Amino acid sequence: MPQSLVKNYIHIIFSTKYRNDFIDEKIETELFAYISALCKDLESPALQIGGNDNHIHILCLLSRKIALMKFVQEIKAISSKWIKTKGKKYEDFFWQEGYGAFSVSPNNIFVVTEYIKNQREHHKEFDFKYEMVNYYKKYKIDYDEKYIWD
């Protein structure tokens, strides 16, 4: 086959360092738009971005030209520098070192999109740790808690 045909929908989740509450409703719209533009620049258009005070979800169509690890690294590094320019409250902002990334079937895009849109509602019932542990169990990912909560 002389061409490379790829379509990888990826649901990426990562938190602020130590799950500090930096992503308030004052900054989230601008932050999500900024990250969406970064995704586009990396040829991995975001289908939905959402989150809560201490974490973010990105559903994107990952480009065949970039490794997932590099993509997340770029998003986190560039957006972290950007948010630090948004006022005194954000000067000490950092993303956690790790991330979770999960493949999404084209048949489940709508479900994941709706889930990401309603993050503030979801997190009235459960916290980020509970959410992530459930993802690890759903995708049968072995994990050690001492390494995932930086």
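These legends accompany several close-up views of a predicted model.

**View 1. Strand E1 and its two neighbours.**
Let's start with strand E1, which spans residues 8-15. Seven of its eight residues are buried, so the strand is largely enclosed by the rest of the structure. Strand E3 (residues 55-62) runs antiparallel to E1, and eight bridges join the two. To find one of these meeting points, look for Ile12, whose bridge partner in E3 is Ile58. Strand E4 (residues 100-104) is also antiparallel to E1, joined to it by five bridges. Here you can pick out Ile13, which stands opposite Gly100 in E4.

**View 2. The largest nonpolar core.**
Which residues touch the most other members of this core? They are Ile35, Ile58 and Phe71, in a core of 25 residues. Strands E1 and E3 each supply at least two of the core's residues, as do helix H1 (28-41) and helix H2 (68-83). A second, separate core has seven residues, including Ile13, Phe102, Phe128 and Tyr135.

The structure holds eleven aromatic pairs. One of them brings together Phe102 and Tyr136, with ring centres 6.5 Å apart and planes at 50°, so this pair is tilted. The partners come from distant parts of the chain, since 34 residues separate Phe102 in strand E4 from Tyr136 in helix H5 (residues 128-138). Are these two residues buried or exposed? Both Phe102 and Tyr136 are buried. Tyr136 also pairs with Tyr143; their ring centres are 5.2 Å apart and their planes meet at 40°, so this pair is tilted too. Tyr136 has a relative accessible area of 10% and is therefore buried, whereas Tyr143, at 30%, is partly exposed. Phe102, Tyr136 and Tyr143 belong to one aromatic cluster, together with Tyr115, Tyr135 and Tyr139.

**View 3. Charges over rings.**
Where does the charged end of Lys17 sit? Look over the ring of Tyr18, 5.2 Å from the ring's centre. The charged end of Lys76 sits over the ring of Phe14, 5.2 Å from its centre.

A search of the whole structure finds nine salt bridges. In one of them, Arg120 meets Asp53, with 2.7 Å between the closest N and O atoms. Arg120 lies in helix H4 (residues 119-122), while Asp53 is 67 residues away, in the loop between strand E2 (46-52) and E3. Arg120 counts as partly exposed at 21% relative accessibility, and Asp53 counts as partly exposed at 26%.

Lys88 and Glu91 meet through their side chains in a salt bridge of 3.7 Å, N to O. Lys88 is exposed, with 69% relative accessibility, while Glu91 is partly exposed at 43%. Lys124 and Glu121 form another salt bridge, 3.0 Å from N to O. Lys124 is exposed at 64% relative accessibility, and Glu121 is partly exposed at 47%.

Note on methods:
Residues numbered from 1 in each chain as written. Predicted model: local features only at pLDDT ≥ 70, side-chain atom pairs only at ≥ 80, totals over all residues. Heavy atoms only, no water. Buried < 20%, exposed > 50% of the residue type's maximum accessible area, 1.4 Å probe, protein only. Helix = DSSP H or I, 4+ residues; strand = E, 2+ residues; numbered from the N terminus. Pairing = 2+ DSSP bridges. Phe/Tyr/Trp six-rings, centres within 6.5 Å; stacked < 30°, edge-to-face > 60°. Lys NZ or Arg CZ within 6 Å of the ring centre and 35° of its normal. Core = buried A, V, L, I, M, F, W, Y, C linked by side-chain atoms within 4.5 Å. Salt bridge = Lys/Arg side-chain N within 4 Å of Asp/Glu carboxyl O.
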